[in-house]
Amino acid sequence: MTARKHTALPKAQILIEALPWLTRHNGKIVVIKFGGNAMVDEDLKAAFAQDVVFLRQAGLKPVVVHGGGPQISAQLDRHGLVSEFKAGLRVTTPEAMDVVRMVLAGQVQRELVGLLNQHGPLAVGMTGEDAHTISATRHRPRIDGELVDIGRVGEITAIDPGAIEALLADGRIPVISSIARSADDGHVYNVNADTAAAALAAALGAETLMVLTDVEGLYEDWPNNDDVISRLTATELEKLLPELSSGMVPKMEGCLFAVRNGVNTARVLDGRVQHSILLEIFTDSGIGTMVVPDGRQHTTEGGAS
Ligand SMILES: Nc1ncnc2c1ncn2[C@@H]1O[C@H](COP(=O)(O)OP(=O)(O)O)[C@@H](O)[C@H]1O
Ligand SMILES: CC(=O)N[C@@H](CCC(=O)OP(=O)(O)O)C(=O)O
């Protein structure tokens, strides 16, 4: 008697292909930064939530850190407040800080938690203020050699990962807004979400930092052409940093910080591609840009890390 042909066999093959990646990443922490510009489309947001829940159910430990730049700008506009950026960071008056906190913690984070929890009682939202997770001091960037005051913008001074670790141990998906508390003056500070994600990835000993954005990855010669750099070492990235502009600066500085502080790979991915997280983690047709520590030039089998 010949064996019956099962039409679902290709599905089993796809699952089995993912086995080396599942084995490699089992129990590992993956910090995923979901950016404001990749976060404006409803279908993409739903697919993002599915991917994150998939990772959790596949035995990984995802931690979501979210931005919300466009949403903050829109709300400031409604309040008649102007959005000004210096050195890629939002000039944040105390008044604007109230809006930033309201939008990130009260709107964007709530929405992500809601989407994730459509799949079960998994996501718990918090901000960097909770349990002293992110402490900061006032950040004064140097522009043309001068230190400038950009208000309530925080430079991270310490991370206490205890609350996030407790949530992970309980099987939850932490969703973190990039707001910090200062030990110096007790004020809350606005922290760039890429910077916060990178610092958290390092403090948590994450295997991977994934930064989702609204471009394919790091373009070699932006804006002149759209050739994406698929892989580079920390030192190669360090050399490129002075040439980068705007939103790519905190992203790539964050990737560099992460791989120099124990994270195995840091990746910038196109958040406009549905299921970009799954494509990146479970296939070798990795998309976007991957930063690896120095001395690791080649992709190893069973996961592009
Ligand atoms: N070399 C580069 N490669 C890709 N994008 C770049 C580069 N330099 C600057 N950018 C800009 O950085 C933007 C991404 O940063 P940002 O707008 O802050 O994203 P997000 O909201 O996802 O954090 C891109 O949309 C692009 O306009
Ligand atoms: C200091 C600073 O610039 N903070 C950012 C925080 C949000 C953020 O980083 O959002 P995206 O990831 O969507 O850009 C801001 O106010 O826009």
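## Salt bridges, a helix and an annotated site

The structure holds 13 salt bridges, a salt bridge being a side-chain nitrogen of Lys or Arg within 4 Å of a carboxyl oxygen of Asp or Glu. This is a predicted model, where local features need pLDDT of at least 70, side-chain atom pairs count only at pLDDT 80 or more, and totals for chains, interfaces and linings use all residues. Residues are numbered from 1 along each chain as its sequence is written, chains are lettered from A and ligands numbered from 1 in the order in which they are written, and side-chain values use heavy atoms, with hydrogens and water left out.

Trainee: Which residue forms a salt bridge with Asp-194 in which the closest N and O atoms are 3.0 Å apart?

Mentor: Asp-194 sits in helix α7, and its partner lies 161 residues away in strand β1 (residues 29-34). Helices (H or I, at least four residues) and strands (E, at least two) are DSSP runs, numbered from the N terminus. The partner is Lys-33.

Trainee: Is Asp-194 buried or exposed?

Mentor: Buried means under 20% relative accessible area, exposed over 50%, and partly exposed in between (1.4 Å probe, protein chains only). The relative accessible area of Asp-194 is 4%, so Asp-194 is buried.

Trainee: What span should the 12 residues of helix α7 have at 1.5 Å a residue?

Mentor: The expected span is 1.5 Å times one less than the number of residues. The end C-alpha atoms of α7 (residues 193-204) agree with that expectation, which is 16 Å.

Trainee: Where does UniProt place the feature "binding site"?

Mentor: The UniProt entry is unreviewed; its positions are given in the numbering used here, feature names are shortened, and annotations may be inferred rather than shown by experiment. The residues span 123 residues in sequence, yet no two of their C-alpha atoms are more than 11.8 Å apart, so they gather at one spot.

Trainee: Which side chain is joined to that of Arg-90 by a polar contact of 3.2 Å?

Mentor: Arg-90 lies in strand β4 (residues 89-90) and is buried, at 6% relative accessible area. A polar contact is a pair of N or O atoms within 3.5 Å; within protein, one must be able to donate a hydrogen and the other to accept it, and residues adjacent in sequence count only if both atoms are side-chain atoms. The partner of Arg-90 is Ser-73.
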